[in-house]
Amino acid sequence: MVNKRSRERSANPAGGPAGDRDRVAGDQPDQPLNSPANPNSRSLGATAQAAIEKHWAKAGRHEAAVLKDQDPEELHQMRVALRRLRSAIVGFAVAIDLPKRASERAVGQVARILGELRDLDVMDEALRDRYLQNLPPEEQPLLQTVREELAGQRQKAFGRVSKTLQKREWPAINTALGRWIAQPRLRPAADWPAVVVVPDLLLPILSHWLMHPGWLVQTEGRSVTDLSLLEWAVIHDLRKVAKRVRYQMALFTDFYGSDYEQLLDTIGDIQTVLGDLQDIAVLENFLVKTIGIQWATDAPVWAGLLEQQRDRAWENWLQLQKQFDRPNQRERIRDVVNRPRLNS
């Protein structure tokens, strides 16, 4: 298993590009929900209300700082909060009746627009902190050219973020959710004890993930460059599904113990390792568009660093894939999720 610390970013370029997209180590830990102290006494509706209010409030706390555009971490945290809010809307759909303006699609659209800006920030951080100091003088002008192109794209992306938060989707979502939180509308399923129905909510999305064709892509004796475009697309989709599973499961950590936390960490490892591979592919595509298809010839040291990082991430993925090929792994996952902590 890939250790939590291995997901943290360092200044060493051999550690991989500074990524995500929603990098696990960059997420600030969730605080307990504002619900009854004993999780077993919560209804599904109360759990849903607490989760939605928490992530909505967190997104709001970062909004002003995002618009000031002085600290990229503020953008990252608001985006994470919106993704968690979207997961709560999806995960508790059976129990809540939200206004159309606060749909998971609307929240996801805002998160996507923030994500476009975040991706550019992450790429520029990698160029500045991981590559610039490790490239020979003759390759550094090429890197500067790439950073200048990124800066131009970032200016446009921030304009879209600013309009989204101040004039477009977000004000309507913010108002609708604020009203709903003040006077929540719930469905009949909200009365169920949450601890009783948590497995029923989680097992379908876990089954979808465990049956994903990305697990079946043959990797033994192959490098990532041997994959076809279709195989790579399937593995990339597995990462996106892993992210959704992790966010859904994170809604219910209060109902489980250390085995559940360990499973969450493992899913986070998968998300991170596959995210590393995706980050490298995105950066290489950007280099081709900015410098030209011959970029690796013009910058052999830089190309070598990226190849090392890609190989390391691929080896990490092979280890995780083998871990999930073990005969008892699926049984263990189902057993963990199927056993929330009930009062004796």
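Thr 219 is found in the loop between H6 and H7. Helices (H or I, at least four residues) and strands (E, at least two) are DSSP runs, numbered from the N terminus. The model is predicted: local features need pLDDT of at least 70, side-chain atom pairs count only at pLDDT 80 or more, and totals for chains, interfaces and linings use all residues. Residues are numbered from 1 along each chain as its sequence is written, and side-chain values use heavy atoms, with hydrogens and water left out.

Thr 219 is buried, with a relative accessible area of 7%. Buried means under 20% relative accessible area, exposed means over 50%, and partly exposed lies in between (1.4 Å probe, protein chains only). Leaving aside neighbours within four places in sequence, Thr 219 is in contact (heavy atoms within 4.5 Å) with Trp 314, Trp 317, Leu 318 and Gln 321.

The protein chain has 11 helices and zero strands. Of its 344 residues, 50% are buried. Among contacts between residues at least 6 apart in sequence, 80% join residues at least 24 apart.

Two packed helices are described by the angle between their axes and the distance between the axes. Axes are lines fitted to C-alpha atoms, for helices over the stretch in contact, and angles run from 0 to 180 degrees between N-to-C directions. Helix H6 (residues 194-210) packs with helix H7 (residues 229-250) at an angle of about 160°, and the axes are 10 Å apart. H6 is therefore roughly antiparallel to H7. Angles under 35 degrees count as roughly parallel, over 145 as roughly antiparallel, 65 to 115 as roughly perpendicular and the rest as oblique. The crossing of H6 and H7 is left-handed. A crossing is left-handed if the near helix is turned anticlockwise from the far one by less than a right angle, and right-handed if clockwise. H6 contributes Leu 202, Ile 205, Leu 206, His 208 and Trp 209 to the contact. The residues from H7 include Leu 238, Val 241 and Arg 244. By class, this contact has nine nonpolar, two polar and one charged residues. Here Ala, Val, Leu, Ile, Met, Phe, Trp, Tyr, Cys and Pro count as nonpolar, Asp, Glu, Lys and Arg as charged, and the others, Gly among them, as polar.

Helix H1 (residues 44-68) and helix H2 (residues 72-91) pack at about 155°, with axes 8 Å apart. H1 is thus roughly antiparallel to H2. Their crossing is left-handed. Among the contact residues are Ala 51, Ile 52 and Trp 56 of H1, and Leu 75, Met 78 and Leu 82 of H2. The contact of H1 with H2 divides into 12 nonpolar, three polar and four charged residues. Asp 69 lies in the loop between H1 and H2. Asp 69 is partly exposed, with a relative accessible area of 32%. Not counting residues up to four places away in sequence, Asp 69 touches Arg 154 and Phe 158. The C-alpha atoms of Asp 69 and Phe 158 are separated by 8.4 Å, although the two residues are 89 residues apart along the chain.

Rings of Phe, Tyr and Trp (its six-membered ring) pair if their centres lie within 6.5 Å; planes under 30 degrees apart count as stacked, over 60 as edge-to-face and the rest as tilted. This rule gives nine aromatic pairs. The ring centres of Tyr 131 and Trp 302 are 5.9 Å apart and their planes are at 45°, so the pair is tilted. Tyr 131 sits in helix H3 (residues 104-131) and Trp 302 in helix H10 (residues 300-325), 171 residues apart. Both Tyr 131 and Trp 302 are buried. Ring pairs also link Trp 209, Trp 215, Trp 317 and Phe 324 into a cluster.
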